[in-house]
Every structure is written in structure tokens, then in C-alpha cells.
Amino acid sequence: MAALELLVRNTSEVLTVEGTHREKAEVALTPRPHACVGLRAGRVAYVGPEAELPEGAVDDGTEVIDARGGFVGPGFVDPHTHLVFAGERSAEFDLRNQGATYLEIAKAGGGIVSTVRATRAASEDELVKLALPRLQRLMAHGVTVAEVKSGYGLDVENELKMLRVVRRLAGLTPVELVPTLLCAHAVPEEYRGRREDYVRLCIEEILPAVAAEGLARFCDVFVEDSAFTVDEGRRILTAARALGMVPRLHADQLTACGASELAAELRAATADHLEQVTDSGLRALAEANVTAVLVPTSTLFLRMRPYAPGRRLRDAGINVALGSNVNPGSAMSENVALVLGLACLENGLSAAEAYWAATRGAAQSLELQSHGRLAVGDPGDLVVFNCASYRHLPYHLGVGHARVVVKTGRVV
Ligand code: NIG
């Protein structure tokens with residue numbers, strides 16, 4: 001065997017996460033007790049007992065990491081972030097804690113459109129500078145792939161600006177970024193009373209401009225009474241699909257509005273949030289094989305109830321993924337450990353289901369075939385944790401246990 005470039009040894013276990021969401025999660029995580037992991041050319045080249053490493057696998061050039069009895073798993077995949085933005089909304093946080101709701105604040109001119117004002121006023125360079133530390137904080141938690149949405153530009157120039165920022169960020173951080181166009185995040189202030197004109201701007205100008213530059217892999221719509229209707233969502237996402245972008249939806253977050261049914265009808269990759277999903281919405285998602293992306297930090301942060309029914313979604317055979325949803329309005333936190341904790345405490349997932357949802361489940365939601373997994377040949381994205389079991393992550397609530405993060409075979 002050609003020498004490995006990196007070897008992680010002395011683990012409690014290595015989770016290769018080779019199963020499917022239809023199996024019991026403890027089994028799907030595929031634990032390999034006391035295994036070591038070897039990487040070469042940015043990919044997994046060996047997983048197994050150290051004693052069975054082939055001859056020549058380790059030489060003077062092999063970097064060896066001692067896991068000190070910690071467990072090793074694939075890098076986390078964050079399938080829902082809004083991490084490019086300017087400004088902040090701590091005053092809204094304070095207002096909510098004194099009883100105001102997210103919708104009341106939005107109606108009074110705060111909310112998404114206030115971040116739109118700040119983001120439009122910022123240059124590309126400024127947005128890059130602001131987003132980098134957020135990405136670093138995600139990475140410190142073990143995130144090696146993150147989806148990033150636009151959605152605070154809401155016109156041709158500024159949506160393009162946001163997605164160009166994502167492209168620049170991708171060259172500046174080891175975290176692999178998956179861009180999503182979210183021009184239908186809110187109707188911008190200058191289109192108040194003229195929503196149909198804005199929907200047409202999305203379809204006729206923003207989508208084609210983004211597609212022409214190849215700036216987005218996915219297209220998302222916030223389908224909600226206070227944002228875009230089911231019919232508007234259908235039109236925008238159908239146009240996006242025709243331009244090669246795969247639909248995802250902010251669905252049934254604040255009200256049950258038929259968004260899950262639309263996600264199913266469009267065979268979207270994901271329906272995200274789902275706090276208010278109905279039984280019929282849930283059935284539709286299951287039948288259409290749409291991944292449910294849960295973002296429980298927002299439910300906490302907005303002081304809303306109920307949390308999305310993670311238990312029922314899993315029991316219906318749906319692939320459940322977990323995201324940080326980092327954004328200035330509904331989840332100002334890059335704390336992936338907290339997401340795992342809330343998923344167990346409030347969405348009703350087991351620790352194994354939560355770990356699956358933050359790795360392989362999330363990778364599948366982004367249509368990444370071999371991320372979020374550590375089989376031989378998969379990308380060399382892994383995390384060495386300073387605890388012996390994945391069960392410790394949600395249990396030791398909110399504490400990041402990632403000790404070493406490796407992206408494409410390199411320690412970052
Ligand atoms: O996913 N719900 C819509 N979008 C974000 C919140 C964005 C904001 O408030 O700035 C979310 O929670």
C-alpha cells in the first residue's frame with residue numbers, strides 16, 4: 001500500500017456512517033470500535049484495526065494524530081445557513097424576550113428587510129470580512145461543508161453580490177460551500193403593494209442572471225403567509241428548476257400554509273423548518289421522499305412552540321437533517337452542539353439520529369453523494385472529538401467537542 005498522508009489512531013470508535021436513514025440510526029452510524037482512519041490524496045484510504053494496516057501504510061511522511069481515546073466521525077454538513085449578511089438585530093432579540101413576536105417586528109419594518117438594508121449598503125469586501133469569522137466558528141464545531149443562502153439582496157445587483165461573496169468565501173476557507181439563491185425571502189420594501197412585479201423580477205431577471213453566472217446550485221423560497229404564497233413559490237421554483245437549480249423550501253415555519261405539500265409536489269430536495277407541518281404535509285413529504293431539514297435553534301431563539309416533530313418525521317421514514325440556520329434574525333448562533341442538543345431535547349430525536357442528521361442526512365439533503373460519510377474513497381473530511389461517544393455531544397449541552405478538524409485530508 002502506498003504510504004498514507006495522515007493517520008488518526010487511538011480512537012474509541014470511528015463512525016463511518018455507511019447506513020441509510022431507513023435503518024436504526026445506531027446501526028446506520030456503522031461504529032468501528034478502536035479503528036484507525038488513514039487518508040491519502042484528500043480521501044479516506046483505510047478504516048480498520050491498526051494491527052491490520054497494510055505494509056508500507058505508514059512511513060516518515062505520514063502525519064499521525066493521536067485521538068487520545070476520542071471518537072472520530074465525518075465532518076458535519078450544515079444544510080441551512082444565511083451566514084452572509086451585514087448589520088445585527090440584537091434589539092429585536094430583546095423585544096421578543098419582552099413579548100413581541102417575529103411577525104410583529106417584521107410588520108413594524110424590522111426583520112428580514114432591515115438586514116436587507118444593511119446588506120445592500122455593504123460592499124462585497126465587507127460582506128466577505130463579516131462572514132469569515134462565522135464560517136470559522138462553524139468550522140471549530142466540526143463543520144466541513146455548509147450551504148449558504150442569499151436572500152438579503154432582493155434585487156438583481158445585490159442577490160448577485162451575495163452569491164459572488166459566497167464564491168469568494170469558498171476560496172478563502174477550507175469549508176466547502178454550497179450556494180443557494182433565496183431571492184424570494186421577503187418582498188422588498190420598494191415593491192410593497194406590487195408583489196406580483198417582484199415575483200416577475202425574480203423569475204425574469206434574478207434567476208436568469210444567477211444561472212448565467214452559475215452562482216447557485218439550489219433555489220429556495222420562503223413560503224409563508226407573511227412572505228410568498230404557495231402559487232408564487234411554485235412559479236419561482238419551477239422557473240428555477242428549468243434553469244438547472246434544485247428547489248428547497250422554507251416550509252410551514254410560522255403557519256401551516258401548504259408549503260410541505262408544495263415541496264412534495266415539486267419533488268424538492270428539502271422542506272426546512274416544519275414547526276407547523278400538518279399530518280397531510282408530513283405524509284406528502286414521506287411519499288415524495290423530500291428531506292426534512294430541522295433548525296431547532298430558531299424555534300428556541302424566536303421563543304416559538306411547537307418544535308418541528310422530528311420523531312414523527314423519522315417514524316414516517318423521512319430523511320431528517322439538521323442545520324444551524326445561522327442568521328441575524330432567527331438564529332444568531334453557529335453552535336452545532338446546541339443544534340444536536342435541541343434536536344434530542346425538543347425534536348425528539350435520539351443521539352444517533354441527531355448525529356446522522358448532522359452528517360449523512362445533511363449531505364444527502366444537498367445531493368452530495370459521498371460527504372457526511374467515512375467509507376474508503378469518500379472525501380477526507382473528519383473530526384476527532386475529545387469525548388468517547390457521539391452520545392456526549394447532545395448530552396453535554398452546547399459545548400463544542402471537536403478537537404481536530406480535517407478537510408480534504410488536511411488539518412484545518
Ligand atoms: O430561516 N424564515 C426565514 N428566514 C430565516 C430568518 C431570516 C431573518 O430573520 O433574517 C430563517 O429562520
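Predicted model: local features only at pLDDT ≥ 70, side-chain atom pairs only at ≥ 80, totals over all residues.
**Briefing: ligand shell, folds and sheets**

The ligand is surrounded by 13 residues, and the closest are I112, S298, N327, G329 and S330. Residues are numbered from 1 along each chain as its sequence is written.

**Ligand shell and helix α4**
- The shell holds three nonpolar residues, 10 polar and no charged. Ala, Val, Leu, Ile, Met, Phe, Trp, Tyr, Cys and Pro count as nonpolar, Asp, Glu, Lys and Arg as charged, and the others, Gly among them, as polar.
- I112 is also one of the buried residues of helix α4 (residues 112-121), together with S114, T115, V116 and T119. Buried means that 20 or more other C-beta atoms, placed from the backbone, lie within 10 Å of the residue's own.
- The cover over these buried residues includes α3 (102-107) and α6 (156-170).

**Overall build**
- The protein has 16 helices and 18 strands. Helices (H or I, at least four residues) and strands (E, at least two) are DSSP runs, numbered from the N terminus.
- The radius of gyration, taken over C-alpha atoms, is 21 Å, close to the 22 Å that the globule rule gives for 412 residues, so the protein is as compact as a globular protein of that length. The rule is 2.2 Å times the number of residues to the power 0.38.
- Along its principal axes, the C-alpha trace spans about 70 × 45 × 40 Å.
- Of the 412 residues, 55% count as buried.
- Among contacts between residues at least 6 apart in sequence, 73% join residues at least 24 apart. A contact means C-beta atoms, placed from the backbone, within 7 Å.

**Four-stranded sheet**
- Four strands form an open, mixed sheet in the order β5-β4-β1-β6. Strands pair if DSSP finds at least two bridges between them.
- β5 (43-48) and β6 (63-66) stand at the edges, each with a single partner strand, so one side of each lacks a neighbour in the sheet.
- Strand β1 (residues 6-9) runs parallel to β6, joined by four bridges. L7 stands opposite V64 in β6.

**Eight-stranded sheet**
- Eight strands form an open, parallel sheet in the order β8-β9-β10-β11-β12-β13-β14-β15.
- Its edges are β8 (76-78) and β15 (320-322), each with a single partner strand, so one side of each has no neighbour in the sheet.
- Strands β12 (residues 246-251) and β13 (residues 270-273) pair in parallel over four bridges. L249 stands opposite A271 in β13.

Key:
Near = placed C-beta within 6 Å. Buried ≥ 20, exposed ≤ 12 C-beta atoms within 10 Å, placed from the backbone. Contact = placed C-beta atoms within 7 Å.
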